[in-house]
Amino acid sequence: MRRVVITGMGIYSCIGTTIEEVKKSLYEGTSGIVVDPERKEFGYRSALTGTVPTPNLKKELTRRQRMSFGSESEYAYIATKQAFEQAKVDQTFLDTQEIGVLFGNDSTAQSVMEAIDKIRIKKDTTLVGSGSVFKSMNSTITMNLSTVFKLKGVNFTISAACASGSHAIGMGYMLIKQGLQDYMICGGGQEINSYAFGSFDGLGVFSTHEENPTQASRPFDSKRDGLVPSGGGAAIFMESYESAVARGATILGEVIGYGFSSNGAHISTPNAEGPSRAMQRAVQQANITPCQIDYVNAHATSTPVGDANEAKAINEVFGDANPYVSSTKSMTGHECWMAGASEIVYSLIMLNNGFIAPNINLETPDEDAAKLNLVKETIDKKIDVFLSNSFGFGGTNSAIVIKKI
């Protein structure tokens, strides 16, 4: 079994579109949540959302290439390009090596709706355009990235709700560890538009604290009233330890554990047992003890039941080890399909810059959260090992452990 390390990362999120911008936001506890009036006009109960700039890729991609790109693919492309650049991987390297691509994605709502609207209005399917089918498939990110960057390794999409990005990284790690791939680009993408989140809003799971948007996402806080949707793109480049050393690459962290489980219960209401098993499995595979983990990046989305059950699970797994805990979703909102990947990037930034980002908007932890070592203000502290949690509808759970070399 080979050691697997991370040598590149990229991010395109509501708290920054570069690693440096995101580092500053994390350190300063800056929120990326805004109010989008168009959502109210569309029929939403909540107009709260994370937001990112619309990418302009005309200078980077041909018109034919852009025809197949929906917004989630655009975000993922930018993050992937950043990860390749940091890993010192150029097109010659991509052309001569077998690079695999796995991304998490679970919707392409806008692309599907735009195509259907054209057909409905014009009564002519030929007007949809040749790129529409590639934009509207769940595998749109991986098919576009593999084509644009000419990747020749494994190529498929992980569709696992809000754990998609984390599972993509976990599976990429396993493929390299077992010698089935030498290099992997993995991550997640999430579209940000009214089409993507309408049904979620209808479930009543979104916060309605619109008067103070930056205070609306409140993981673990007793006054939380729901999550805030967000999105963007995140990517990490992984390879074997031997390869990274031979290339002279800077190692950002070593993936040492990947744990997973299914709750086997309600389709949307989480429990504590499933997440607990995923974390325990990740720690066991990492061959470490719970007390060796310095920081837990919690999944905590700012929902009453979800946060409480995760707090119980963390307390069950770590007990007196009592690692620092925060949810970066307090700043970013819930980035859904990309969250598991972006939160790995956020935690890697902390790992490599010696700080722990705060769980902002935490005034009064609820009964279960009060037992955790929650970070309310940024802490300047060396981190050696962190664990990142991601959970999703259907009871899917993923936990990844990464250490500093």
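Visitor: How many bridges join strand 9 (residues 295-297) to strand 10 (residues 324-326)?

Guide: This is a predicted model, where local features need pLDDT of at least 70, side-chain atom pairs count only at pLDDT 80 or more, and totals for chains, interfaces and linings use all residues. Residues are numbered from 1 along each chain as its sequence is written, and side-chain values use heavy atoms, leaving out hydrogens and water. Strands are DSSP runs of E with at least two residues, helices are runs of H or I with at least four, and both are numbered from the N terminus. Strand 9 and strand 10 run parallel, and what joins them is 3 bridges.

Visitor: Which strands are the edge strands of the sheet?

Guide: The sheet is open, with 11 strands in the order 5-4-6-7-1-8-15-14-9-10-12 and mixed pairing. Two strands pair if DSSP finds at least two bridges between them. An edge strand here pairs on one side only, and that describes strand 5 (155-158) and strand 12 (373-374).

Visitor: Which side chain does a polar contact of 2.7 Å join to that of Ser326?

Guide: A polar contact is a pair of N or O atoms within 3.5 Å; within protein, one must be able to donate a hydrogen and the other to accept it, and residues adjacent in sequence count only if both atoms are side-chain atoms. A polar atom of the Ser326 side chain lies 3.0 Å from the backbone oxygen of Ala357. The side-chain partner at 2.7 Å is Tyr295.

Visitor: Where is Ser302, a residue other than glycine with a positive phi?

Guide: Phi of Ser302 is near 90°. Ser302 has a relative accessible area of 0%, so this residue is buried. Its place is the loop between strand 9 and helix 13 (304-318).

Visitor: At what angle do helix 1 (residues 19-28) and helix 15 (residues 339-353) pack?

Guide: Axes are lines fitted to C-alpha atoms, for helices over the stretch in contact, and angles run from 0 to 180 degrees between N-to-C directions. Here the axes are 10 Å apart. The angle between helix 1 and helix 15 is about 80°.

Key
Buried means under 20% relative accessible area, exposed over 50%, partly exposed in between (1.4 Å probe, protein chains only).
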